[in-house]
Amino acid sequence: MIGMYAFWFFLLILCSCESIVMDPPRNKLYLLNKSKKNITLLIGRGVYGSLQYPELLPSKNDWKKYAETISPDKSEVMYISSPIGEYIDTFPLDTMAVFVFDPDTLDAYPWEVIRDEYKVLKTHFITIDDVLKSDTIVVYP
């Protein structure tokens, strides 16, 4: 009987140690809207040689699949297909852009006008160091 308890105790310790040693991949962005209106966040492309807009935005056909709308005073989690650190690490400057839009602007204007006239409320740049230091929280405003 004592052997059975020892076995379960050993198994519990073994499982606990493994979870401490293995850090799960972070494949999500935590988003927080502290404003009083809806916002839409959009994950942009990685930053290459310079921080140039509008090249950082997804293409006209792709932007909707990368967008997440957040209600006032709410938080959301946006999932990425791969761990964020690996995703960001594919870009030469280890940085990606996250854009904040007014959803009404996205509904009212064609994508070309939004891009050309920089109809963006705010832009966040997330580096590989940001991912390693925190849970990668994007806050607006």
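A polar atom in the side chain of Asn-33 sits 2.9 Å from the backbone oxygen of Lys-37. That makes a polar contact, meaning a pair of N or O atoms within 3.5 Å; within protein, one must be able to donate a hydrogen and the other to accept it, and residues adjacent in sequence count only if both atoms are side-chain atoms. The model is a predicted one, with local features needing pLDDT of at least 70 and side-chain atom pairs counting only at pLDDT 80 or more, while totals for chains, interfaces and linings use all residues. Residues are numbered from 1 along each chain as its sequence is written, and side-chain values use heavy atoms, with hydrogens and water left out.

Back to Asn-33: its side chain also makes a polar contact of 2.6 Å with the side chain of Ser-35. Asn-33 belongs to strand E1 (residues 28–33); strands (E, at least two residues) and helices (H or I, at least four) are DSSP runs, numbered from the N terminus. With a relative accessible area of 0%, Asn-33 is buried. Here buried means under 20% relative accessible area, exposed over 50%, and partly exposed in between (1.4 Å probe, protein chains only). Neighbours within four places in sequence aside, Asn-33 is in contact (heavy atoms within 4.5 Å) with residues including Asn-38, Ile-39, Asp-73 and Tyr-140.

Asp-73 is found in the loop between strand E3 (67–70) and strand E4 (74–79), and has a positive phi, near 55°, without being a glycine. Asp-73 is partly exposed, at 45% relative accessibility. As for Tyr-140, a cis peptide bond joins this residue to Pro-141, with omega at about 0°. Pro-141 falls in the segment after strand E7 (137–140). A positive phi also turns up at Tyr-118, about 45° in this case, and again the residue is not a glycine. Tyr-118 is placed in the loop between helix H4 (111–116) and strand E6 (122–127), where it is partly exposed with a relative accessible area of 38%.

Helix H4 also holds Trp-111, which is buried at a relative accessible area of 6%. Beyond neighbours within four places in sequence, the contacts of Trp-111 include Leu-42, Leu-57, Ser-59, Trp-63 and Phe-101.

Zooming out, the protein has five helices and seven strands, running α-β-β-β-β-α-β-α-α-β-α-β from the N terminus on. Buried residues account for 34% of the 141 residues. Of the contacts with a separation of 6 or more, 77% are between residues 24 or more positions apart. The accessible surface (Shrake-Rupley method, 1.4 Å probe; for residues, only the protein chains shown count as cover) comes to about 9000 Å², with 58% belonging to carbon and sulfur atoms.
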